[in-house]
Amino acid sequence: MAAEELFIGLMSGTSLDGVDGVLADFSGGRIAVKSYATAQFPVALRAELLALNTPGDNELHRAALAGNGLARAYAGVVAQLLADSGTDAGAITAIGAHGQTVRHRPLEFDEVGYTLQINNPSLLAELSGIDVVADFRSRDLAAGGQGAPLVPAFHRALFGRPDETVAVLNIGGISNLSLLPATNRPAGAPTVLGFDCGPGNALMDHWCQAHQGQPFDRGGQWAASGKVLPGLLAQLLADPYFARTPPKSTGRDLFNPDWLAAQLGTAAMAPEDVQATLAELTAHACAADLKSYGKDSKLLIVCGGGALNDHLLARMRALLPGVTVAASTDHGLPPLQVEAAAFAWLARATVRREPGNLASVTGARGARVLGAIYPA
């Protein structure tokens with residue numbers, strides 16, 4: 001039996017619902033999750049991280065303190081993973097800590113742009129006693145890429161099949177699609193493709209919080225109680241982002257409450273109908289991209305928090321006849337563990353000095369080693 005090769009992956013995504021963490025063993029060329037832990041953000045920290053997505057006063061000071069708070073939240077999840085698995089910190093090679101994206105403007109302004117993840121990996125290394133890998137996206141931007149999505153390389157390793165194309169849809173705050181050609185494809189066949197489809201849960205969560213006082217629409221039950229407003233749906237889908245061709249990526253810089261308020265205007269609409277329409281926006285955008293770029297895929301594996309939205313998955317199935325739409329649980333990992341595991345995998349690649357990006361996905365000038373290492 002191969003000796004354990006242990007890494008921790010931490011992810012706090014655009015849904016801003018908290019931290020997911022996994023302790024993963026990569027020995028023998030496989031991935032096995034030994035423990036999983038999650039923690040909600042403290043209310044004040046979540047509010048500050050959300051506020052920092054838009055310009056405001058004294059941002060540098062506030063962002064620095066929010067990074068400290070995030071590192072402490074990360075350290076709590078790390079401690080839980082170690083306790084649950086009975087693992088000593090010294091046995092972990094490194095932690096992959098993504099940080100909290102608050103701005104994502106690739107290729108803008110000066111042909112490089114920037115992506116900003118709030119974090120304090122030095123503090124996390126100090127608190128945990130484990131090496132930390134962070135800042136995964138900026139190297140890809142420096143090479144002319146979008147810096148996102150980064151998970152398709154991991155999706156290929158976890159979900160790829162030798163004889164068929166598989167599509168993987170991660171629905172967090174933003175939705176992103178990975179198209180994985182058969183791994184034994186002949187030379188010259190299509191390579192892996194991946195990009196952000198548009199909003200995932202971010203707009204639905206915002207609308208549910210505003211009108212139901214709940215952080216998310218559990219199972220999509222509220223959306224299912226409303227009716228889709230065709231005129232509003234068409235207006236939302238008219239945003240130029242949906243017509244852009246890959247490589248492309250987006251975030252709360254575009255799909256945020258101000259964007260939604262501008263789309264809604266002053267027209268009187270039942271809140272549940274708006275929620276139904278927002279769910280349809282996510283489903284429609286993702287389904288349309290699969291039809292455009294993954295026509296030969298008959299399996300769509302869904303992960304992220306959106307995989308727990310029964311109404312959303314039902315709409316995806318209705319829009320994709322002939323495609324099996326299934327949560328990732330039956331195909332390797334439960335939905336809430338996939339992205340955290342991806343950053344454990346990316347941390348391993350950094351430590352091994354192996355590329356973590358796919359130029360066919362991000363548009364970078366080539367493969368690059370991602371991330372910076374902060375020693376314990």
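Before we start clicking, here's one rule for the sheet: two strands pair if DSSP finds at least two bridges between them. And keep in mind that what you're looking at is a predicted model.

**Stop 1: a pair of strands.** Select residues 174-180, which make up strand β9. β9 and β10 pair in the antiparallel sense, over six bridges. That clears the cut-off of at least two bridges. In general, the strands of a sheet pair through backbone hydrogen bonds, and they can do so in a parallel or an antiparallel way.

**Stop 2: the whole sheet.** Zoom out a bit. How many strands form this open sheet, and in what order? There are five, and they run β10-β9-β8-β11-β12, with mixed pairing.

Stop 3: Y114 sits in strand β6, residues 113-118. Why does Y114 count as partly exposed? Because its relative accessibility is 34%, and partly exposed covers the range between under 20% (buried) and over 50% (exposed).

**Stop 4: two cis peptide bonds.** Go to A148 and P149. The peptide bond from A148 to P149 is cis, with omega near -15°. You'll find P149 in the loop between α4 (138-142) and α5 (152-159). Next, jump to P246 and P247, which are also joined by a cis peptide bond; omega is about 5° here. P247 belongs to the loop between α8 (230-237) and α9 (257-264).

**Stop 5: positive phi angles.** Select N58. This residue isn't a glycine, yet its phi is positive, at about 55°. Look for N58 in the loop between α1 (43-51) and α2 (59-85). Then select D135, another residue that is not a glycine but has a positive phi of about 55°. D135 lies in the loop between β7 (132-134) and α4. Is D135 buried or partly exposed? Partly exposed, because its relative accessible area is 36%.

How values were computed: Residues are numbered from 1 along each chain as its sequence is written. This is a predicted model: local features need pLDDT of at least 70, side-chain atom pairs count only at pLDDT 80 or more; totals for chains, interfaces and linings use all residues. Side-chain values use heavy atoms; hydrogens and water are left out. Helices (H or I, at least four residues) and strands (E, at least two) are DSSP runs, numbered from the N terminus. Buried means under 20% relative accessible area, exposed over 50%, partly exposed in between (1.4 Å probe, protein chains only).
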